[in-house]
Amino acid sequence: MDWKSAETLAERIKIRRKELGLTQEQLASLAGVSSSHVSFLETGQRGENLGLAMMFKLKEALRVPLYFFDVSGLHMGNPSRERDEVHA
């Protein structure tokens, strides 16, 4: 499964971490958080709302675009999708 088809942020984080071949501990180290924090994120116990600082830490660690964190279907910051919607 590709992270783009995941319906929740928790699923996206877990899928992307595995795509990169990282353990929860490795992702935690890259993002500067505890491994238990990563576990909470991947199980949805932290909810869908991340603080801006956490979002940017995960963005860098997971090497993903900002729209990775948008699960509303709007995919902010994805110019190619916006272009497709305008020309549809």
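Arg 16 and Glu 19 both belong to helix α1, where they are three residues apart, about one turn of the helix; helices (H or I, at least four residues) and strands (E, at least two) are taken as DSSP runs, numbered from the N terminus. The two residues form a salt bridge in which the closest N and O atoms are 3.0 Å apart, a salt bridge being a side-chain nitrogen of Lys or Arg within 4 Å of a carboxyl oxygen of Asp or Glu. Arg 16 is buried, with a relative accessible area of 14%, whereas Glu 19 counts as partly exposed at 36% relative accessibility. Here buried means under 20% relative accessible area, exposed over 50% and partly exposed in between (1.4 Å probe, protein chains only).

The structure is a predicted model, in which local features need pLDDT of at least 70, side-chain atom pairs count only at pLDDT 80 or more, and totals for chains, interfaces and linings use all residues. Residues are numbered from 1 along each chain as its sequence is written, and side-chain values use heavy atoms, with hydrogens and water left out.

The protein chain contains five helices and zero strands, giving the pattern α-α-α-α-α along the sequence. Of its 88 residues, 35% count as buried. Among contacts with a separation of 6 or more, 49% involve residues 24 or more positions apart; contact denotes heavy atoms within 4.5 Å.

The search of the whole structure returned three salt bridges. With residues up to four places away in sequence not counted, Glu 42 touches Ala 10, Ile 13, Lys 14, Arg 17 and Gln 24. A further salt bridge joins Glu 60 to Lys 59, with the closest N and O atoms 3.6 Å apart; Glu 60 counts as exposed, at 54% relative accessibility.

The largest nonpolar core comprises 21 residues, of which Ile 13, Leu 50, Leu 58, Leu 62, Phe 68 and Phe 69 touch the most other members. Such a core is a set of buried Ala, Val, Leu, Ile, Met, Phe, Trp, Tyr and Cys residues joined through side-chain atoms within 4.5 Å. Two or more residues are given to this core by each of α1 (9-19), α2 (24-31), α3 (35-43) and α4 (52-62). The largest share, five residues, comes from α4.

In α4, the buried residues are Met 54, Met 55, Leu 58, Ala 61 and Leu 62. Seen down the axis of α4, these residues fall within an arc of 135 degrees, so they line one face of the helix, the arc being that of the directions from the helix axis to the C-beta atoms. They pack against α1, α2 and α3, while Leu 52, Ala 53 and Glu 60 are exposed on the other side of α4. Arg 63, which follows α4, has a positive phi near 55 degrees.

Helix α3 also contains Val 38, which counts as buried at 1% relative accessibility. Not counting residues up to four places away in sequence, Val 38 touches Gln 24, Leu 27, Ala 28 and Val 33. The C-alpha atoms of Val 38 and Leu 58, 20 residues apart along the chain, are separated by 9.7 Å.

Three aromatic pairs were counted, under a rule by which rings of Phe, Tyr and Trp (its six-membered ring) pair if their centres lie within 6.5 Å, planes under 30 degrees apart being stacked, over 60 edge-to-face and the rest tilted. Phe 68 and Phe 69 form an edge-to-face pair, at 5.0 Å centre to centre and 75 degrees between the planes. Ring pairs link Trp 3, Tyr 67, Phe 68 and Phe 69 into a cluster. Phe 68 is buried at 0% relative accessibility and Phe 69 at 9%. Leaving aside neighbours within four places in sequence, Phe 68 is in contact with Trp 3, Leu 9, Arg 12, Ile 13, Arg 16 and Leu 62.
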